[in-house]
Amino acid sequence: MLLGLTTALVATVCFGFGAVSQARGARSAPRADRVRAGLLAALLRSWQFILGTALDILGFVLSIVALRSLPLFLVQAVTSSSLAVTALAAVWLLGARLRRSDVAGILAVVVGLSLLALGSGAEGRNEAPAAFHWSLLATTAVMLLATLVLVRRDGTAAAAGLGLLAGIGFGITSLAVRVLDASGVVAVLTDPAAYALALGGLGGYLAYALALQRGTVTAATAAGTVAETFGPALVGVVSLGDSARPGFAWCALTGFAVAVGGTFLLSRFGELEGESAELAAPHPGAGAEGGRRDGPAPVARTALPCEGDLPDKSDGRTSTERQVSDGGGRRDG
């Protein structure tokens, strides 16, 4: 159990830092309103997105070890708490500031995970009926179709929806890793769970990248917390026989609730001041009025074009027309 818990915690750190790195890389790419190869090519040109991807891959490999040796509800709660790591990484890398609720959320995550680790028992079964494997693949197909529909929408609701779909994809991946028949190459290639694992992971990855272009880092991440944490945890208890230590069910349940509650407290941390200020800053050469902007930075900045991304109509031809209408004098204010 110690090895599994250690790998789960290290995976959490990888996921947390990877989220921030991927967010900066995703927002440096042109905004996509549909799924196309050009989106992936643009993302792969960003070293920040590649670094975040590498951290995600490392975290996924480490989580496989945890998923095969710990109950699903423990692994999912630990890895979902990467939002606390994301918040701390955003303070360091994006210049964000922690509020009291953010600190309370981080402390709740730490306390909840401690109680959860204390109350967790041995993992349940690593095998499931064929119908379970096929249901994972069917759910993956529905998730992919929903992503293709939702990618054409904009705004916070679309970002939350895509984040939720990403959580479903990652949750499917966790379940598929748990029940995958790895007894041989033929067994893997003929197991529907293997295809659910691959498609769920790639689909979740794509949905998450699209969500980051439409919402803040932690808002997109928190939207998938319910699907990624509660779904596999419930399935693990009901269908795979995961359970708490004898007499410690209250401890495991309390720890799970406190850890997930802390994650929800941190969901408002998506309104990152440092990140909003960076995204709101006009681009070089945006015009005479494209200098430093006074006043508070807007919150919940999405990846929609900022003012500095649009043509400045106070320059060029428009200014000339105004000068003519004003008798050649420059208009101030």
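This briefing describes selected features of the structure shown above, grouped by topic.

The model is predicted, so local features are reported only at pLDDT of at least 70 and side-chain atom pairs only at pLDDT 80 or more, while totals for chains, interfaces and linings use all residues. Residues are numbered from 1 along each chain as its sequence is written, and side-chain values use heavy atoms, leaving out hydrogens and water. A residue is called buried under 20% relative accessible area, exposed over 50%, and partly exposed in between, using a 1.4 Å probe and protein chains only. Helices (H or I, at least four residues) and strands (E, at least two) are DSSP runs, numbered from the N terminus.

**Salt bridges**

- Across the whole structure, a search finds two salt bridges, each defined as a side-chain nitrogen of Lys or Arg within 4 Å of a carboxyl oxygen of Asp or Glu.
- Side chains of opposite charge can pair when their charged atoms come close.
- Arg-99 forms a salt bridge with Asp-102, and their closest N and O atoms are 3.4 Å apart.
- Within that pair, Arg-99 is partly exposed because its relative accessible area is 33%, whereas Asp-102 counts as buried because its relative accessibility is 0%.

**A nonpolar surface patch**

- Leu-88, Val-91, Leu-98, Val-103 and Leu-107 form a nonpolar patch on the surface, and together they have about 390 Å² of accessible area.
- Patches are made of residues with over 30% relative accessible area and no salt bridge, with like charges joined within 9 Å and nonpolar side chains (Val, Leu, Ile, Met, Phe, Trp, Tyr) within 5 Å; accessible areas come from the Shrake-Rupley method with a 1.4 Å probe, and for residues only the protein chains shown count as cover.
- Helix H5 (82–93) and helix H6 (100–119) each supply at least two residues of the nonpolar patch, while Leu-98 lies in the loop between H5 and H6.
- With a relative accessible area of 34%, Leu-98 is partly exposed.

**An aromatic pair**

- The whole structure contains one aromatic pair according to the search, in which the rings of Phe-230 and Phe-256 have centres 5.2 Å apart and planes at 85 degrees, so the pair is edge-to-face.
- Rings of Phe, Tyr and Trp (its six-membered ring) pair if their centres lie within 6.5 Å, and planes under 30 degrees apart count as stacked, over 60 as edge-to-face and the rest as tilted.
- Phe-230 counts as partly exposed at 37% relative accessibility, but Phe-256 is buried at 11%.

- Helix H3 (residues 47–67) has 21 residues and reaches 30 Å from its first C-alpha to its last, close to the 30 Å expected at 1.5 Å a residue, where the expected span is 1.5 Å times one less than the number of residues.
- Among the buried residues of H3 are Gln-48, Phe-49, Gly-52 and Asp-56.
- Thr-79 lies in helix H4 (residues 72–80) and counts as buried at 6% relative accessibility.

**Cysteines**

- A search of the whole structure finds zero disulfides, a disulfide being a pair of cysteine sulfur atoms within 2.5 Å.
- Cys-14 is buried with a relative accessible area of 8%, and Cys-251 is buried with 1%.
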